[in-house]
Amino acid sequence: MSEAAHSSRRQPLWLTMLGLLTLVFMCLPVMIVVPMSFSSAQSLEFPPPGLSLRWYTAFFGNEVWAQAGVNSLLLATLASTIALILGTLAAYGLVRGVFPGKAVIEANFMAPMIVPSIITAVALFIVFAKLRILGTFFGLVLGHTILVIPYVVLIMQVAIRAFDVRIEHVAATLGASRMLILCKIVLPNLLPSAAAAWIFAFVISFDEVVVTLFLAGTNMTIPKRMFNELIMQINPTITAVATLLIGFNILALFLILALSRRGTHLRKGIV
Amino acid sequence: MAAVSDAGEVYPSRHQRRWEGFGFLAPLLFFALIVFDVPLLIVVFWSFSDPDTGFPSLGTYAAFIESGSYARIIWRTFLIASEVTIATALIGYPLAYWISRLEQRSQFIAIGLVTMTFWVSILVRTYAWIVMLGNGGILNRWLQSLGIVSRPMEFLYNEGGVAVGMINVLLPFLVLPLYAAMRRVDPRLLHVAETLGASQLQIFWRVFFPLTAAALGASMVLVFILSLGFYITPAILGGGRVPLIANMMDLLINKFARWEMAAVNSVILLVVTLAFYGLYQRLREKAA
């Protein structure tokens, strides 16, 4: 390390303290919730008086939580799969197509990410009530799909843009149709990105609360049940649920990073 | 490289049609129209029609203004969003600056931690504050066992509690793009300033800060937009006592069944959000 570079890295003590404190503040929720979930105590004592898995047993032994878990998994799987199919096709059309109004259409696909989800929730609530699909699982899948679409389109657009178009030209010259090119040449090469986009969409759907609260009716999901329990009382089982969610999300993050190392271009699309 | 980006838009087919490739996005466009665009238009339409007769009317907007309580909640939402945005910037900028000047390995770890918090669901991060600061939470148990207080103190269920939770959730949205912008600053500019005899303070305020100001502005607008639409954090940490606009919309739909008033609030929130989003895009172009 050169002298100059070193001197530029000397930082005042107050800045180091402020930086560290802010970082701790950001990590505090995780640092507290995870150890608390292994507590043997009924009340919220920190540090926990003893270790136990009783809150995990309580979670896995509870039928309502189990049903909520099944619903959440099914919902996230359906929404992210539909979004991946529609979103990948659309991303291909946006990157390689030639037609007027492309920017407007692209903005339209991004809009559900920008419009506050409470507005989407109200709009879908009113329309689904009229269509009599409010409170159905089908309606919930539709709502989640539209919420995760922007992320899929975004990631797949970056991936397709980075794919050498000349390879497609060669295939076209040899007489392949566009659909054949997409399915046989582009997609096999973009599988890591597609997997990452799917996981991304899955996590967002799995954690979603607001639209779910409006559309779910009696259908229970993990975040919805967690939200309802929180409003009512403090139940240590929630710390176990929260810890499982933290572990699940961090696992997904690592998967996406691993996939993006294989699909070289993906990274800047995410971080 | 140039060949790729030039050709990226154009397909080699000699007989180019004007709607080349449109078929690929037609399914999603249809889906988005049905599940997003039309519902939003219906909300706008509802806000401008009479709830009983269905005829066009500004009656709901008039009732909105007359009541005053809606405007009060929107005003409060603006105030809290502004406070949260300023506080997030005040602690987020130094954090990003500090991280950007650490050595490579520490930078990697710090940004990894920030990214991790970004990935933990908002619900979980909000819930943790109940565990820590709630009436039966960790801090109150300590205070009581140490005999400092006899009854639990109310740290939450007020605006301060909501603000702490929101700042915690929103910090990564500011820190991550800001860190990226700071890494883009050419270190040679700082060296030149140093060689010319500028003090560290002068280098920061006259060279470094102006170069990152647009990115700071863009991130602050983003944080502000996000805070306007917050629902979960005020619902949980506000204990029903600190309703923001999103919580009021929830009550209007799910409790009072006043859909047309919820529609009016949606339209107002939508217009404000889109206006600030336009500002965000302009600042982001400046920052890049």
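**Contacts and interface in a predicted two-chain model**

In the predicted model, A:Ile149 touches A:Ala83, A:Leu86, A:Phe109 and B:Leu28, leaving aside residues up to four places away in sequence. The list therefore includes residues of chain A as well as B:Leu28 of chain B. A:Ile149 belongs to helix α7 of chain A, which covers residues 137-162. The relative accessible area of A:Ile149 is 1%, under the 20% limit, so the residue is classed as buried. One of the contacts, A:Phe109, is 40 residues away from A:Ile149 along the chain, yet the two C-alpha atoms are separated by 7.1 Å.

Chain A contains 14 helices and zero strands; its pattern along the sequence is accordingly written as α-α-α-α-α-α-α-α-α-α-α-α-α-α. Along the principal axes, the C-alpha atoms of chain A fill a box of roughly 70 × 70 × 30 Å. Among the contacts in chain A with a separation of 6 or more, 70% are between residues 24 or more positions apart.

The interface between the two chains was examined next. In chain A, 97 residues are in contact with chain B, and 82 residues of chain B take part in return. The size of an interface is often expressed as the accessible area that is lost when the parts come together. For chain A and chain B the buried area is about 8,500 Å², and carbon and sulfur atoms account for 80% of it. Of the area that chain A buries against chain B, 8% is supplied by A:Phe25, A:Met26 and A:Arg178, more than by any other three residues.

One salt bridge is counted between chain A and chain B. The partners are A:Arg178 and B:Glu20, with the closest N and O atoms 3.1 Å apart. On the side of chain A that touches chain B, helix α2 (residues 13-37) of chain A contributes 16 residues, the largest share. By residue class, the side of chain A that touches chain B consists of 70 nonpolar, 16 polar and eleven charged residues.

In chain B, B:Ser47 was considered in detail. B:Ser47 is placed in helix α2 of chain B, which covers residues 22-47. With a relative accessible area of 0%, B:Ser47 falls under the 20% limit and is therefore buried. A polar atom of the B:Ser47 side chain lies 2.7 Å from the backbone oxygen of B:Val44. Beyond four places in sequence, B:Ser47 touches B:Ser57, B:Thr60 and B:Tyr61, together with B:Glu260, B:Ala263, B:Val264 and B:Val267.

The model scores 0.88 for ipTM and 0.88 for pTM. The average pLDDT of chain B is 89, and 94% of the residues of chain B score at least 70. Over residues 1-15 of chain B, pLDDT stays under 50. For this stretch the model has 24 contacts beyond four places in sequence.

Methods
Residues numbered from 1 in each chain as written. Chains lettered and ligands numbered in written order. Heavy atoms only, no water. pLDDT = per-residue confidence, 0-100. Contact = heavy atoms within 4.5 Å. Buried area = accessible area lost by both parts, 1.4 Å probe. Salt bridge = Lys/Arg side-chain N within 4 Å of Asp/Glu carboxyl O. Helix = DSSP H or I, 4+ residues; strand = E, 2+ residues; numbered from the N terminus. Nonpolar A, V, L, I, M, F, W, Y, C, P; charged D, E, K, R; others polar. Buried < 20%, exposed > 50% of the residue type's maximum accessible area, 1.4 Å probe, protein only. Polar contact = N/O pair within 3.5 Å; in protein donor to acceptor, adjacent residues only side chain to side chain.
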